[in-house]
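User: Could you walk me through a helix and some charged pairs here?

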Amino acid sequence: MNIVLASSEVFPFSKTGGLADVAGALPKALVQNGLKVSVFSPLYKSIDKTHLTLANNVDIGFDNRTINTNIYKTSIDACDFYFVENEAYFNRDHLYGIGAHDYEDNALRFGFFSKAILDSLKALGIKPDVLHSNDWQSALVNVYLKLFYKETFPNTKTVFTIHNLGYQGVFDKYYMNNLGLPWELFTIDGLEYYDKINFLKGGIVFADAVTTVSKTYAQEIQTPEYGFGLDGLLRKFSYKLSGIVNGIDVDVWDPKTDKFIDYNFNDPKDKIKNKTAIQKLLNLPTKNVPVFGIVSRLAAQKGMDIFSKSIKELLESHTDAQFIILGSGENDIEESLMQISNIYKDKVSLNLKFDEPLAHKIYASSDFFVMPSKYEPCGLGQMIAYRYGTLPIVRATGGLKDTVKNYSNRVKNPTGFVFEKYDSQELTKTLKKAIDLFNNKKDELLKIAQHVMQLDYSWKNQAKEYIKLYKKIYG
Ligand code: ADP
């Protein structure tokens with residue numbers, strides 16, 4: 001089968017979160033299963049085009065004009081990666097915006113990206129059996145395909161994956177003209193959403209199959225609590241909606257070979273050397289206390305509001321533990337964490353940035369990895385933590401619920417700690433349980449850590465789920 005994957009970020013070229021990991025790793029696993037895969041992504045400023053080759057030069061009809069565009073290419077692990085160049089749209093310091101402020105022309109930037117994919121496929125002579133788009137940034141591929149490319153790609157089917165329903169790409173309706181979309185589509189059954197255009201909605205309505213990134217999240221998004229206003233639509237289309245949990249790239253996240261960590265290891269017993277190294281690096285006292293890691297967007301979605309309350313409570317009661325936090329995001333969350341880290345300098349290391357090497361070091365050196373998410377479509381952090389023998393502490397939601405087994409007397413082979421209610425006290429209680437395990441049941445903790453390191457969350461099995469789906473819709 002010939003698959004084209006459209007994604008607004010792709011590791012190792014560009015990344016703000018889990019979508020990049022998926023777009024980098026799923027294609028590799030599909031190729032290993034004998035499929036032909038091409039990935040399309042924008043050529044951002046951070047991508048060095050001197051390492052790419054010019055694949056084609058294409059005229060793209062967009063925003064009532066013709067935009068002449070270079071398409072660059074490289075191949076990794078027998079998978080082709082294509083990059084759509086547009087100086088004005090993509091040659092910027094960030095992918096989507098600065099801090100919490102989205103770029104104002106995102107409708108045009110990603111409308112163009114979606115249109116460019118189809119024109120490029122035509123120019124390159126690629127006829128996909130399945131065009132697999134992801135999130136609102138490439139959702140319009142499904143719409144444009146059905147509207148304008150039926151003759152060019154008569155047999156192409158579409159899969160649309162929702163990685164996070166909280167981001168829908170909602171824009172002023174007058175962009176319909178710039179996007180070249182007919183006003184007949186501006187209805188409740190089409191792209192309209194409270195008098196605006198909703199890209200994600202278009203992706204859902206026009207796709208042949210819709211997936212999201214865990215089974216639980218596929219159910220949750222059909223409820224008003226998690227549906228972000230689209231639960232009704234998702235219930236309507238539930239016949240074409242399914243959940244496929246993400247995997248991780250086990251070559252990128254491998255404690256035995258990871259180049260970013262100070263000491264490679266194969267047994268969690270040996271993690272202590274990494275703990276000492278990171279404590280030195282971040283000016284924390286070098287001692288064997290429980291270390292909690294966080295690598296996350298600092299957003300309310302990620303449970304960072306209850307987390308900041310919870311660590312304050314814990315530290316006020318003189319708990320001997322350390323927290324290493326890496327991430328950036330919403331101002332109020334950054335500020336409350338800054339206040340705490342200023343008071344407890346020897347217990348909290350706050351790193352407000354995106355830093356791939358430091359992320360690897362945190363996964364490898366922490367005893368526990370905290371993800372108290374309000375909602376979590378899949379979550380990759382918990383699976384990455386497993387690879388490094390680090391126990392996740394999570395709230396029971398979405399993919400976290402599907403991948404973490406709570407430590408309790410009643411559960412066989414636990415893999416971490418799970419709490420139910422979205423509440424800082426619940427989280428504090430759970431953090432205390434983890435501290436107790438660390439301080440008083442070291443052997444048991446080691447056994448669990450050894451067990452989680454053996455878990456298989458690679459893409460090997462998960463890619464098969466996508467292949468089944470591709471085959472089903474392609475017929
Ligand atoms: P998201 O909702 O942000 O996509 P996921 O758990 O699915 O969350 O994926 C997050 C990915 O981004 C993981 O690979 C994680 O290690 C990485 N990540 C998040 N924040 C940072 C950061 N500040 N620096 C480096 N990597 C980060």
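Below are a few questions with worked answers.

Analyst: Quick heads-up: this is a predicted model, where local features need pLDDT of at least 70, side-chain atom pairs count only at pLDDT 80 or more, and totals for chains, interfaces and linings use all residues. Numbering runs from 1 along each chain as its sequence is written, and side-chain values use heavy atoms, with hydrogens and water left out.

User: Which residues of helix 11 are buried?

Analyst: Helices are DSSP runs of H or I, at least four residues, and strands are runs of E, at least two, numbered from the N terminus. Buried means under 20% relative accessible area, exposed over 50%, and partly exposed in between (1.4 Å probe, protein chains only). On the other side of helix 11, N331, D332, Q339 and I343 are exposed. The buried ones are I333, E334, L337, I340 and S341.

User: How many salt bridges are there in the whole structure?

Analyst: One counts when a side-chain nitrogen of Lys or Arg sits within 4 Å of a carboxyl oxygen of Asp or Glu. K28, D77, D249 and D251, for instance, are linked in a network of them. Searching the whole structure gives 26.
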